[in-house]
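Please open the model in your viewer and keep the selection panel at hand. The tour below goes from stop to stop, saying what to select and what is there.

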Protein chains: 2
Amino acid sequence: MKISRFRFYQQALASFCSAALLVSSFALPARADEGMWTYFNLPTKQLKEKYGFEASQEWLDHLRLASVRFNDGGSGSFISPSLVITNHHVASGQLQKVSTEKKDYLKDGFYAKNQADEIKCADLELNVLVSMEEITARINGAITAEMNPQQSAAARRTEINKIQKESTDKTGLRSDVVSFYQGSEFWLYRYKKYTDVRIVFAPEKQAAFFGGDPDNFTFPRYDLDVTVMRVYENGKPIASPHYLKWNSNSANDNDLTFVSGHPGSTQRTFTMAQIEYQRDVRYPAVLNILKRQLKAMNDYAALGAEQKRQAEEGIFGFENTQKAYIGQYQGLLDKNIIAKKQQEENDLRAKVDANPELKNLYGSAWDEIAKAQGEIAKLIKPVRYRNIVNSTLLGLASGLTTYIKEVKKPDAERASGYHDAELESTKLQLFSPAPTYPGLEEKTITADLEMALENLGADDPFVKAALNGKSPAEAAKAITAGTKIGDPAFRKMLAEGGETALAKANDPMIAFADKVVPLIEEAQALAAPFSGQIARASEKLGKARFVVYGRSQYPDANFSLRLSYGTVKGYPMNGTIAPPRTTFYGLFDRVLSFGNKSPFDTPARFLARKDKINLATPLNFVTTNDIIGGNSGSPVVNRNGEFIGIVFDGNIESLVGNFIFDETSNRTVAVHAAAIIEAIRKLYDAPALADEIEGKMTKTAKK
Amino acid sequence: MKISRFRFYQQALASFCSAALLVSSFALPARADEGMWTYFNLPTKQLKEKYGFEASQEWLDHLRLASVRFNDGGSGSFISPSLVITNHHVASGQLQKVSTEKKDYLKDGFYAKNQADEIKCADLELNVLVSMEEITARINGAITAEMNPQQSAAARRTEINKIQKESTDKTGLRSDVVSFYQGSEFWLYRYKKYTDVRIVFAPEKQAAFFGGDPDNFTFPRYDLDVTVMRVYENGKPIASPHYLKWNSNSANDNDLTFVSGHPGSTQRTFTMAQIEYQRDVRYPAVLNILKRQLKAMNDYAALGAEQKRQAEEGIFGFENTQKAYIGQYQGLLDKNIIAKKQQEENDLRAKVDANPELKNLYGSAWDEIAKAQGEIAKLIKPVRYRNIVNSTLLGLASGLTTYIKEVKKPDAERASGYHDAELESTKLQLFSPAPTYPGLEEKTITADLEMALENLGADDPFVKAALNGKSPAEAAKAITAGTKIGDPAFRKMLAEGGETALAKANDPMIAFADKVVPLIEEAQALAAPFSGQIARASEKLGKARFVVYGRSQYPDANFSLRLSYGTVKGYPMNGTIAPPRTTFYGLFDRVLSFGNKSPFDTPARFLARKDKINLATPLNFVTTNDIIGGNSGSPVVNRNGEFIGIVFDGNIESLVGNFIFDETSNRTVAVHAAAIIEAIRKLYDAPALADEIEGKMTKTAKK
């Protein structure tokens, strides 16, 4: 469970990750332990009344400053002055990027006995949220009554860019303007940024991801889904005072738990018209595309061991997304869930209609959304099939040409992602030394072009331009086989040479990007006016909710730092009860029940040492915390703010959490702190690391 | 998963168990490994083509003669010349009957080191099917063209009773006429009967039923649900040559498996009108009654340890039934399943309608069923709520008075259960030394009377007669506190004294039975004409199916011996895959995951000896065999006819198997042979028994 990482074209597929999402939406009246709360608006009353818990400002500041955002889509936390822990599947992109045909750190794992052996990540950026400042008044001040909606949006965007630049210039910190409650509030979030991050410990992928795609998004689970990294500045490990104290003896049944992390995106305030569009139009199309892409990658992986290694990470990502989409889709097909959403809509609508003033201001919003959504539904084919959804090479080609065009402009006029404040992050990706795989992309682009041809026809301008008289396979081969864009030196040369160098490059992928990206953007833009109408109507509904339900609300997730609370708790499952936790006994049961066959095989060291570990050690556990993709790697902490586990998944029943939270069976799945220590000590022979994590500094650990 | 045992009034609730069910029904065209096949009509072609398996007559005869019917509702098999194995939950009634306040064999288990220590069951009857003879012609010969439906049914019944009596007189064997294919075929089944059966080994209930009601009807499972008994004749262990050879090393993934046992009842040929009646009328009513009865028993159990012990077995039975009903009900609410049934009905109906002759003969049957079912639906309240569903004392009082009345009559005129051929079995129950619990029954009868009052009103004749001016609680107290019917000596005295003794008994439960049982029977009889109409229309449909689908069909289950085939196979579950088996590792995982708390606690010996057993030993496994309640205790055998496991449950997805079989996820759950031996040897210190089972005779075992 992880939000998608590659930002260029996967957005069109998943639109998960957006650090400054302008059109957010407003959440429902909170029930149970529901909610991904901002640090500036916590449910203090509920926590006090239900759990007798009061968080001091110090407790909150410490947890916030120990929380880490993985800028490519995940969460983590400091567990020592310099060590950060996250999920193996959050770190897996970096593990793959430092791997080669000969040394596969993703598959085989890694442990650096000394700091000198630690491996620097290729292009990882970590963010720590150091300040939050409300700037709603300033943003709203940029808008005057005479402006039409388009002018208002443009003025707001300009003001946001200005604020971000000013702040970056002044503080040197990453500065993002974040919108909450469907544009009702704006905050300036400043982040301390770390880019020298080194891998200290990662288990074998099969230990982290035991059970593979079948077990993904399920519980009971038996996964050691962790990776430990060390953060450096100026060539030395940092010494942050804000790290979580380790506690291996917590996470007992009914214990109060907090999760501090970065949920990517939720749509909990969707109207029925939006829900129905998702169910009847969008999900079927996206599931079709995912299926075809997975087939292309699996075909490539079947060609040989090296092809398998290259495709593995992509297959994991798409299978993961596919399973998430299927789970969400099934939730949307669930009559009870739909009835609950309908009930919520009816309630709000009845309250708005009952008040003439509210009705006049906001009463038309539902119909406006339904109408605009109907128009978007008609555009599903061009929007979905005029696309290349899975190509790093095209992302690099397009990103590079955009970079060259944009950096020449004054900051305020640049496209998103190319403002001075963002440029360093963008360059980290554009000039990443990570390898690319043209053979794999030939297959995936072929699948895209075939789908475009089938769904749009040969006369569609995008299809014409992309195929250029060739078959999909020929066209894909021509652009992937001949391009040099995969070479970081080539990209640096072009970036330095600017438009002159670009004009002389004669690279087929750059030429392809020049031709097709504008056509893709044109198709994406078709829906924009209707999306705008929906955004404005949603803003009305956001305001209506404020009036009706008051201020004790949490905003939809938007990859900004959130705190959720809950308890360790089993749940009704498959006709019986899922336990609150699993143990190493359960891992070996599942391994042997399937005859140690993939994906239920375990690394040799587990079988060889099974009598050396305490099999009763808790391995994974579940809590009622409200999370979503992007929370992967978040610390689970107890009342004392101690690290007791690490979130790595939600159960299958949690997937519909995109749209609605149901505490009955929605569960967060975490690795237990005790299992991490037991494994590091007894399975991986790394007592020094275990000591460092547990705060028992030894000579070895200080090396 | 077990069919209900007490035959007097539970029938009205569940109508599971019926050894000579006249209105059976005809099964669907077989798909996949579907089917509970009679030994006289096996799917030999399918077995040969799909699995290359051909059963010799010797193989079949041996398996049939090693198969045992537990006459109170379950199955078992011979695993040595005198040892029979069944489920702990099939034997649990007998274990409770030999238990006392001081010695609780059900809870604590039992092992007889010597034959002299074996405990004789109170009232158990085992049946072995020794011959099958088709008698359709003779039955049909008793019916003439001039007879109306009522006369035909009566003539058939008389002929059946005559055949059974003749056969019993001639052979001394239990002789049952069994109807298949909705009355299209009649067979005379003769059984060798054993009534001296002694308990050799039973584990603690918590080992057999680990996970309790939550885990009941689910998988993965970790239950040692077995009991071993020894069969005696004339005071000596029998020496049957027909026993199954033990094999602890089979039941591997995809292995071909056979289950030979006694499925109680299926309704696979129900029309949509019947299905909808079940879903909309019958299941909601039955579930209401189950819930109220369970509350009454749990209230009693909460009074103290002895009360808990008394109520435990009844609570288990009702929870078991409730969970089965909920599972079936959920299956009926499943749109896909309903659509599949509708499709089947449409197919058959279209084929019948397309053929003028078929249409003329059978085309009206669906509408006839729908009309009669509609009338039955109107009677749901008197039929369901004029009832005492859960009273052994009332069953004994009513059974005894009926016995006294019936035995005076000529055999052919007696009511079912009181013919000479059946009398021995009936007397075994009537004069059973098993204890009764008036305090418990006071609570359960109160619940019955309260429900009757609520649903029928104070003016209903049954309510009036039963309450006799008192409140439900007072009325229940008066009849349960004052009765002596629980005393076997009292019952024997009355039986010997006949009507004279009965008239002088002055027993409140007998008086209650005299007053209310005729009123209950009157209510039950209300639906009889419509049931008759349904039975006759169903017979038409059975014949239509014969014409349309041919003879390669299996009949609905009716507690007669059946053979099903399948393979060991995992299945899609809860978003992932359930493994084909579990191991002892998994047991300890689940124990520790729940902190060894009830119902996930394990006997102390398991925890104390967990390092002494091979944790990798397979514990439970699943197969695609088609089974239903009553199959509990059936042996699972491999191609060689060897015992490789014992059926004890179906998974939650199998429950709708009452109405439809879906191989995707319908699974039989069995205890693995290896686990039984591992436990007997290493957990229960009974190597002599293990040797005897494995055919390694030792001196100890011969004692």
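**Stop one: a covered strand**

Select residues 83–86 of chain A, which form strand 4, and look at both of its faces: Leu83(A) and Ile85(A) on one side, and Val84(A) and Thr86(A) on the other, are all buried, where buried means under 20% relative accessible area, exposed over 50% and partly exposed in between, with a 1.4 Å probe and protein chains only. Strands here are DSSP runs of E with at least two residues, helices are runs of H or I with at least four residues, and both are numbered from the N terminus.

This is a predicted model, in which local features need pLDDT of at least 70 and side-chain atom pairs count only at pLDDT 80 or more, while totals for chains, interfaces and linings use all residues. Residues are numbered from 1 along each chain as its sequence is written, chains are lettered from A and ligands numbered from 1 in the order in which they are written, and side-chain values use heavy atoms, with hydrogens and water left out.

**Stop two: the neighbours of strand 4**

Next, select residues 227–233 of chain A, strand 11, which pairs with strand 4 of chain A in the antiparallel sense over four bridges. Here the bridge partner of Ile85(A) is Val228(A).

**Stop three: where chains A and B meet**

How many residues does each chain bring to the contact? Chain A gives 32 residues and chain B gives 32 residues, with contact meaning heavy atoms within 4.5 Å.

Now select helix 9 (212–215), strand 16 (576–578), strand 17 (581–583) and helix 24 (584–593) of chain A, each of which supplies at least two residues of the side that touches chain B. Helix 24 of chain A gives the most to that side, with seven residues.

**Stop four: an arginine in chain B**

Finally, select Arg309(B), found in helix 11 (residues 305–333) of chain B. Arg309(B) is buried, with a relative accessible area of 10%. Not counting residues up to four places away in sequence, Arg309(B) touches Gln96(B), Ser99(B), Thr100(B), Glu101(B), Asp104(B) and Tyr437(B).

Notes: Pairing = 2+ DSSP bridges.
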